[in-house]
Amino acid sequence: MEFVNTFWALVPPIVAIVLALITKETYSSLFVGILVGALFVTGFQPVETVNTIVNEGFVPAIEGNAGNFMFLILLGMLVALVNSTGASSAFGKWAARHVKSRAGTLLATFALGVLIFIDDYFNCLTVGSVMRPLSDNQRISRAKLAYIIDATAAPICMIAPVSSWAAAVAGVASDLDAGISGIQLFVQAIPFNFYSLMTLVFVVGLSIMGFDYGPMAKAELEALKGELGSLGGDEEIESPRASLWDMLIPVILLIVFCVLGLIYVGGYFGTDPEFAGDFIASFGNTDAFVALPWGTLIAVILSIIYLLCRRVTTFKGAMECLLKGFNAMAPAILILSLAVSLKNMTGMLGADVYVADVMATASQGLFNMLPAIIFIVACILAFATGTSWGTFGILIPIVLPIFKVGDPLLMIGISACLAGAVCGDHCSPISDTTIMASAGANVNHIDHVRTQIPYVVTVAAISFVNFIIAGFVKNIWICLPIAIVITIATLFVLRATIGTRTSGKTVEE
């Protein structure tokens, strides 16, 4: 049986996802998916299968993500360092005096996620470490925290012109003859990116209206009883010496030096004369896998010096935190390694060729329905492969030739591609962003996936309807208000039918 360049290319990730959702066990499910993919690649030859798993799966996954792993480890070290000083507890007490409701806490988490728009990894782990004390104080489940983190990571990065995602899209589009530059293509596609935009509306509406539904409602009701769903290991330490600034200064250092790292690697300071002094262009030329570890390493060193000067920790204590932080990130690193290995199997099986054939067939049908079709194809591909970057990397070269330059449908089609890539990535158990959101909230990964899928599907359905409308109307000033109205109306219907009130209560109540 021929497995390459057919639907069979998507079977290994589908197997892994289904097993993960059924068994709630991530590691074995991902490995089974890798094994199935390797068997398909080698034609069920045992020795070659083992060789493929190791040399084409694990080794490239580890080599290609060394920068990611270093960033995760360093950020884990920084979080452990701050927690050990009692700064997290001090921040929680300060925040409790200023944010006195669950809705306020959710909106504060949302706002911080929107502000940290530079990179999704950076967003997930930073927002998680900063907001955990406050969300715990308001008895918000770790699953809900993970959803808010996830919903303001990839969706925000996909509509922020200055982000690692904008750079990735610009890089793909720059290699093609689109009639405009890659970054212009990205910016012009933002208004029609219904999934990213409506996710933000959905999160704000859900927080203000104070209800949940599906598995999330159950998790929130358990949290009100004190069962937050934490994996443990992040208990707060109180110290009379610690202050709010002992948390804020390391976070500020992290943000400042990561931004500097991104533009430095991109050539802003003259390392690449073509991009010297151009902030936006240097972002488009950067490599986040190099820049984020660069910035985080400096932030960790300076934070250790600052905390030692403040005498809230000792040198020995700081060094012990480095090991503790490494250990805390080991599960996320293992899941990420397995997920990337699975993506390698999917790539070897020719998923991109299969999807190109599907899109070519679809383009022969009703032309104005193409944006909606592109959105669905991108959702499925991103969900099955766990990569939004890989999805738009495959689909943008396919979508661009379908439409004429200057046709409004071109931008709507590109937006549909990017929106679908974010949507599928947002809820896929094998997505690196989803894995990072789980790590940031310190919650069981499958619990995070299971509780957020109904929310993702809701916004995806709204987006699909709006891409149908946009395919015929082609006017953002008409389509965007319609999308917002549909999203808000959907929230009211959900609250009146299947919603469970989970907000409006404080810890004191």
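View 1. The structure, a predicted model, has local features taken at pLDDT of at least 70, side-chain atom pairs only at pLDDT 80 or more, and totals for chains, interfaces and linings from all residues. Residues are numbered from 1 along each chain as its sequence is written, and side-chain values use heavy atoms, without hydrogens or water. Two cavities of 30 Å³ or more are present (cavity: a set of points, on a 1 Å grid over the protein atoms alone, where a 1.4 Å probe fits but cannot get out; grid points are joined across faces, edges and corners, and volume is the space filled by probe spheres set on them).

**View 2. Lining of the largest cavity.** Thirteen residues line the largest cavity (an atom within 4 Å of a point), and Leu78, Val79, Val82, Ser129 and Val251 lie nearest its centre. Helices α4 (66-84), α7 (120-137) and α14 (245-265) each supply at least two lining residues (helices: DSSP runs of H or I, at least four residues, numbered from the N terminus). The largest share, five residues, comes from α4.

**View 3. The nonpolar cores.** The largest nonpolar core has 82 residues, and Phe202, Phe375, Ile414 and Leu418 have the most contacts inside it (core: buried Ala, Val, Leu, Ile, Met, Phe, Trp, Tyr and Cys joined through side-chain atoms within 4.5 Å; buried: under 20% relative accessible area, 1.4 Å probe, protein chains only). Helix α21 (residues 408-427) gives the most to this core, 13 residues. Apart from this core lies another, of 69 residues, among them Val82, Leu253, Val300 and Leu342.

Notes
On a 1 Å grid over the protein atoms alone, a cavity is a set of points where a 1.4 Å probe fits but cannot get out, and a pocket is an open set with protein on both sides within 12 Å along at least five of seven lines; lining residues have an atom within 4 Å of a point. Buried means under 20% relative accessible area, exposed over 50%, partly exposed in between (1.4 Å probe, protein chains only).
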